[in-house]
Amino acid sequence: MPGICLCFQVHRPVILKRYTFFDIGRHHLYEDQEANRRILNQLADSCYLPANRLLLRLMEKSEGRFRVAFALSGAMIHLCEKYRQDIMEGFRRLADTGCVEFLNEADPHSLAFLFSPREFREQIEAHKKKIQELFGQNPTTFHCTDLIYSNELAGVAEEMGHSAFLAEGGQGLPGFQGPDFVYQPADCARLKLLLRNYHLSADIRLHFSDGSRNGHPFPAGWFAERILHSLENSGGQVVNLFLDYETSGKYLTPDRGNSEFLQALSAEMLGQPDFHFQLPAEIAQRYDPQARLDVTDSASGFDIHRNLTTVAGNAMQQDALRALYDLEEAVRKRKDADCLAIWRMLQTSDYFNYMCTEGFADRVRRHDSGPYGSPYESYINYMNILEDFSRTLQS
Amino acid sequence: MFGWEFPPYMSGGLGTACSGLTGALTGFGHPVLFVIPHCDPAEEASHVSLISASGFPLLETDLACPALKNPDVRTVDSLLMPYTGDHRYRERLKRRNDPEGTGTSSGTLSFDLSGNYGPDLMQEVRRFGMVAGAVARRHSFDIIHAHDWMTVHAGLYAREISGKPLILHIHSLEFDRSGNRIDPAIYDMERHGMRAADHVIAVSQYTKEMIVEHYGIDRRKISVVYNAATRHPDSITRFDQSSGRGEIKTVLFLGRITFQKGPEYFIEAAARVLKVFPEVRFIMAGSGDLMNLMIERVAELGIGQNFHFTGFLRGSDVERIFARSDLYVMPSVSEPFGIAPLEALLCDVPVIISKQSGVSEILHHALKVNFWDIDEMADNMIAVLKYPALVKEMMLRASEEIKRIRWQNSAARVIGIYRRVLAAAGPT
């Protein structure tokens, strides 16, 4: 009985203030409250609220057969609780239907697994606790920032009681038969590994953004067919679609024409005999692993270093990350919840992504030079903040 | 080609650009006759055939027809200085009592031009035009390429005589140089030249937009060709060991000390940096009409101990100063292109450039600020001095980027423009 797993990533980094060297020691407010409020307000109306309403309607209409998973980051939860609680209320109502699973991750969408195993585990626990408190669910599916994966990470997840791990990659590994199968990590006994179907995820994303602009969206039937076709060809078990809620959500609002698309897609899929929307935890329970995948750090398709080039590949990113995690001991010594919260906020991977210089000239040509204008400006701003934070820790 | 500067007869970026462009053009097999106001005939060892307008033998007919159809050109007795502030050549200026400036002492007729920027500039520009006509009569060529307003007269006259199409290459506008205190005579000459030329080349999109906005020229007639930079043959590496960058960090301003180059913003930012890093050394290299004012401002801020003025630098001194610098800052108020940041990068010096510059369109791996934002400028200066990872990454990327900014690319664009203009002009 083949299935489709629809998973939306809901994540936004906290926008940091423009912080010059001359601000150091003068004030310690790093969060740009005005910008965060403004942008979250925009997105609430243009994306999150209408998209949440649409999904709720589909769940109610399908009597629970339409199911969706959310990878909701701690950074996003923080923003919603501070500026727009109604967004969180929307997610709570979705959770109440029983058709929604929330994934677990390192709370601030961090790269802590690279630098501090202790911090990594604490962040996973902190995020789990938030999900429990907010939605009354005990999350059992884990995913890492940017869907990064390795044997070691799988080991941590299993040890912490997860039953499924959602990741990207696998091509070229012995035993790999395509993304639509359930695998077992090499050193794990229970944990199941689910892989994102990159091509279909990318196609849907393209459909949402391009299709609505051109006014000629592909018919939902065509996509449903592609999904079925993909499963038929590979003999696979489940297609995992992992989409960004913000980019997709913007196009799910009624005036974009895509709400019909998703409705039609869900109707098409639900119209197929023996076809189900499934949640990651259900998949892990239902399917036996097809093969074991052995993913050392440099295994192809999972190449952790390649995946990390955009967040930890250059001198600035490495310097900033090193300086950040060098503060761990001092932060812990303070035993101050506010200090810990700031340190964690500064771990959000987006800040390091902004420092990526690879392909920067091309991004400028596409008018996408990032929130700071250049990787260098973003590094300077970040380092100034870190310098101030480090000084407050010493005082 | 008509230009006002060519190495070693130059005071700024115009000569550097003309030399780089013509070098690549001749490399592609297109010989260039380059006419400048004055050069020493004995000193000809260049990739172009350098023609000195000064002393160029003239006939009576050359003098008889300065009948340019140009209502805007008139002789004005004012202190015209297109690149304000370079008076160093003035002592070399030889003036004759003869009002037209023609010398007939050795039996031949010729002008004596200085090629300087001074009070007689408009007069020289006019005489240069007359010589251009004579050059056009005696030499054969396919296209006329003139650089900036000083050569508009010459380019138009040469076109009148030869019937060959004229391309006007804009390296700098009166609007860049003088802000809102523009000289109407120069503005008129620029506008007339761009209107009359068969095609206009601008050194950046920034300059192109300015031409469209302030001069009302049809944008379809303007092509953007970026400048480039080459490492000098006697490379600076030999200075690296002897006088390399030391313990004390050095921040450099290099350029004419004029309104256009924004020296005061550099000084204000320096004062802010020195409040937190009292050990940094600042150098202002160059000369210009604001120099005394700047020296006074430095004294007023009480930062003279860390702030040095070198005066005008040339040749190997420029490379030497780059080799000693940890950061180059170009805070220009309005910079059509700006070759110096490229030269700094070629010498492994990181750069902060003003967003109001053409070079910022092609240089991505540099820090960019609005020239008026002194806090931002100071913040960036501190970051370069304080964060080695920033410099390491930026220089790694910039050194890759600058390899692709080559005069050959600029010349290839120019040749493409020549072809289009010649095709449009039809067979001659």
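**Exercise 1. Where in chain A is Asp146(A) found?**

Solution. This is a predicted model, in which local features need pLDDT of at least 70 and side-chain atom pairs count only at pLDDT 80 or more, while totals for chains, interfaces and linings use all residues. Residues are numbered from 1 along each chain as its sequence is written, chains are lettered from A and ligands numbered from 1 in the order in which they are written, and side-chain values use heavy atoms, with hydrogens and water left out.

Step 1. Helices (H or I, at least four residues) and strands (E, at least two) are DSSP runs, numbered from the N terminus. Asp146(A) lies in the loop between strand E4 (141-143) and helix H6 (151-159) of chain A.

Step 2. Asp146(A) has a phi near 60°, a positive value in a residue other than glycine.

**Exercise 2. Describe the interface of chain B and chain A.**

Solution. Step 1. With contact meaning heavy atoms within 4.5 Å, chain B contributes 24 residues and chain A 21 residues.

Step 1. Buried area is the accessible area (1.4 Å probe) that two parts lose on being put together, summed over both. For chain B and chain A this comes to about 1,900 Å², with 63% of it on carbon and sulfur atoms. On the chain B side, His364(B), Asp379(B) and Tyr387(B) lose the most area to chain A, together 31% of what that side buries.

Step 2. The rule finds 13 residue pairs in polar contact across the interface (both at pLDDT 80 or more). A polar contact is a pair of N or O atoms within 3.5 Å; within protein, one must be able to donate a hydrogen and the other to accept it, and residues adjacent in sequence count only if both atoms are side-chain atoms.

Step 3. Among the elements of chain B that each supply at least two residues to this side are helix H9 (263-276) and strand E14 (367-369). H13(B) gives the most, with eight residues.

**Exercise 3. Which residue of chain A forms a salt bridge with Asp379(B)?**

Solution. Step 1. A salt bridge is a side-chain nitrogen of Lys or Arg within 4 Å of a carboxyl oxygen of Asp or Glu.

Step 1. Asp379(B) pairs with Arg18(A), the closest N and O atoms being 3.1 Å apart.

Step 2. Lys386(B) forms a salt bridge with Glu387(A), at 3.4 Å between the closest N and O atoms. This pair runs from helix H13 of chain B to helix H18 (residues 375-394) of chain A.

**Exercise 4. At what angle do helix H1 and helix H15 of chain B pack?**

Solution. Step 1. Axes are lines fitted to C-alpha atoms, for helices over the stretch in contact, and angles run from 0 to 180 degrees between N-to-C directions. Helix H1 (residues 13-27) and helix H15 (residues 407-425) of chain B pack at about 75°, their axes 8 Å apart.

Step 1. H1(B) and H15(B) are therefore roughly perpendicular (65 to 115 degrees).

Definitions and conventions
Angles under 35 degrees count as roughly parallel, over 145 as roughly antiparallel, 65 to 115 as roughly perpendicular and the rest as oblique.
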